[in-house]
Amino acid sequence: MKISNTLNTSSTITGFILLGFPCFREGQILLFVLFSVVYLLTLMGNGSIICAVRWDQRLHTPMYILLANFSFLEIWYVTSTVPNMLANFLSDTKVISFSGCFLQFYFFFSLGSTECFFLAIMAFDRYLAICWPLHYPVLMTGHLCTNLVVSCWVLGFLWFPVPIIVISQMSFCGSRIIDHFLCDPGPLLALTCARVPVMEFFWTIISSLLLFIPFLCIMGSYTLVLRAVFRVPSAAGRRKAFSTCGSHLAVVSLFYGSVMVMYLSPTSEHGAGMQKLVTLFYSVGTPLINPVIYSLRNKDMKHALQKFLGI
């Protein structure tokens, strides 16, 4: 594996080197095949959910419309990192341009922000469905559902542009080597010519707000859901209520559990290997697992997928 040193001290930054997962050439090819399969399975799984919701009239409800939009988001989320990672596996230099690095930085975090907001409105939808079942069709109208979806995308893409632009204007010194498979704030801030505590503190604050505001909304929604479920007299009714929330809670646990480890303190002393593994889990692993979770635990979705796939 050849990594040039042409990017070490030049005043004009032409790019960074993404180390990714360093190993012998044979290992790089094996990783290329593995992640190509994972990427294709992710596209197929999430694409199948979108198609099932689109073509099954019974799934034209707010819950499944939100799920289809979430699957669409997952496709773009994994696409913001994996294609470049695949190209790097076959590259000798592993160079990403300066503009390419910060574009990936922006889209990866904007799509991740949008996912946080989507998980919150999906929890809110479950709260309305379980706590206000008779009023649910009046409360969660198609118009409100559309507004919530649009709001998630807009908020997600407006959350990070200012700090990312500020970081892009900083001076970078040293080898320009990023020991990661994507352009991440921790390794990037470590390459700046001088530490900028104010920027690090600001990044921590906006990341914490992004994580905790939707997370508190999710926890609040499910606290009210649990209180309502325990008032249901029949065990069958309680099981049905729990089954509608179980998939979403599993997805929330997987995503938030890993993201909170990394981005509440992006410059903290995480080992490079641990950073890569945790980031790989929530950016590649969860988009692959989510369709399985939703289809296995939901009879309507399972039936619609079987019908769509002709099984």
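**Exercise 1.** How many disulfides does the structure hold?

*Solution.* The model is predicted: local features need pLDDT of at least 70, side-chain atom pairs count only at pLDDT 80 or more, and totals for chains, interfaces and linings use all residues. Residues are numbered from 1 along each chain as its sequence is written, and side-chain values use heavy atoms, with hydrogens and water left out.

Step 1. Apply the criterion: a disulfide is a pair of cysteine sulfur atoms within 2.5 Å.
Step 2. The count under this criterion is 2 disulfides.
Step 3. With bonded cysteines counted along the chain, the pairing pattern reads 1-3, 2-4.

**Exercise 2.** Describe the link between C101 and C183: geometry, location and accessibility.

*Solution.* 
Step 1. The sulfur atoms of C101 and C183 are 2.0 Å apart, and the two residues form a disulfide.
Step 2. The torsion about the S-S bond is -130°, and the link of C101 and C183 is left-handed.
Step 3. C101 sits in helix α4 (residues 98-131), while C183 is in the loop between β3 (177-178) and α8 (185-190); the pair links distant parts of the chain, 82 residues apart. Helices (H or I, at least four residues) and strands (E, at least two) are DSSP runs, numbered from the N terminus.
Step 4. Classify the accessibility: buried means under 20% relative accessible area, exposed over 50%, and partly exposed in between (1.4 Å probe, protein chains only). C101 has 0% relative accessibility and is therefore buried; C183, at 1%, is buried.

**Exercise 3.** Describe the disulfide that joins C173 to C193 in the terms of Exercise 2.

*Solution.* 
Step 1. The S to S distance of C173 and C193 is 1.8 Å.
Step 2. The S-S torsion of C173 and C193 is about 90°, so this disulfide is right-handed.
Step 3. Because C173 lies in the loop between α7 (161-168) and β3, and C193 in the loop between α8 and α9 (197-229), the pair ties together parts that are 20 residues apart in sequence.
Step 4. C173 has a relative accessible area of 37% and is partly exposed. C193 is partly exposed, at 41%.
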